[in-house]
Amino acid sequence: MALNDPVTRLKILVFLLAGFPLAWLVVLAINSQLGANPVEFITHFTGTWTLVGLMLTLTVTPLRQLTGYAHLLRIRRMLGLFTFFYASLHFITYIWLDQFFDLHAIIKDVYKRPFITVGFIAYLLLIPLAVTSSNAMIRRLSAKRWQSLHRLVYVIAILGVIHYWWLVKKDIRQPLIYAGILTILLGWRVIRRQRAFYKSR
Ligand code: HEM
């Protein structure tokens, strides 16, 4: 790994930035600064970083198209895997620290708070994307099929925003911001596709 290679440096920088929230959480935990309800704090923290991760992953393609810097695509996989990692922490926090693996309690809670099902579906959909993220898997599936499968990320991001919007009780400003960002990111793709379609006719 050549450190003077700009792509390697970019990858290291993104790795450090993406790992920073976890390091921050660990420092807060060690210093007992997770507030009065640490489980709630960790749930909110990991949920927020999952959603931020999804938005950042979806930003890579438009950024590459705008700048023409093709190497940006090489950080997309890393961002996606970090997103999956934070989503897994979020899920484990709920199942383990919040519900103590009590299936009965989980069913009752999901019945009471249906937004959890939406988050759960989003998490389930993330699993095949994480599993097929390697180059070997791209080759095995063929680039076309891999691309179709990875379009699931759009559905996942929409479900993530719905999950958040649904759980917020009064102040919907934050989910509204995520919904706005997602509309821009998906709208960009729709417009590009339409333009390409009309050009090819
Ligand atoms: C892609 C998947 C997911 C995303 C993007 C996501 C995102 C979020 C966000 C942004 C929050 C709120 C954070 C805040 O208030 O600052 C949250 C809260 C929460 N999420 Fe998720 N989540 C996902 C999956 C899941 C899953 C799989 C579960 C459980 C099975 C889950 C259960 C919860 C719970 C219990 C809360 C806290 C609700 C409350 O405070 O009342 N989420 N999530």
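In this predicted model, phenylalanine 101 has a relative accessible area of 56%, and because exposed means over 50% it counts as exposed. Phenylalanine 101 sits in the loop that lies between H3 and helix H4 (103–112), and its phi, near 60°, is positive even though the residue is not a glycine.

Another loop, the one between helix H6 (135–141) and helix H7 (143–150), holds serine 142, which also is not a glycine and yet has a positive phi of about 80°. With a relative accessibility of 30%, serine 142 counts as partly exposed.

Turning to the ligand, its iron atom is coordinated by the NE2 atoms of His90 and His163, at 2.0 to 2.1 Å. These two residues link distant parts of the chain, since histidine 90 belongs to helix H3 (residues 73–98) and histidine 163 to helix H8 (residues 152–167), 73 residues apart. Around the iron atom of the ligand there are six donor atoms, and because the angles they subtend run from 88 to 179°, the arrangement is octahedral. For six octahedral donors the ideal angles are 90 or 180 degrees. Histidine 163 has a relative accessibility of 16%, and therefore counts as buried, the cut-off being under 20%.

Conventions. Residues are numbered from 1 along each chain as its sequence is written. This is a predicted model: local features need pLDDT of at least 70, side-chain atom pairs count only at pLDDT 80 or more; totals for chains, interfaces and linings use all residues. Side-chain values use heavy atoms; hydrogens and water are left out. Donors are N, O and S atoms within 2.8 Å of the metal (3.2 Å for Na, K and Ca); water is not among the atoms, so sites may look incomplete. Four donors count as tetrahedral if all angles lie between 85 and 135 degrees; four count as square planar and six as octahedral if opposite donors are over 155 degrees apart and all others between 65 and 115; anything else is irregular. Helices (H or I, at least four residues) and strands (E, at least two) are DSSP runs, numbered from the N terminus. Buried means under 20% relative accessible area, exposed over 50%, partly exposed in between (1.4 Å probe, protein chains only).
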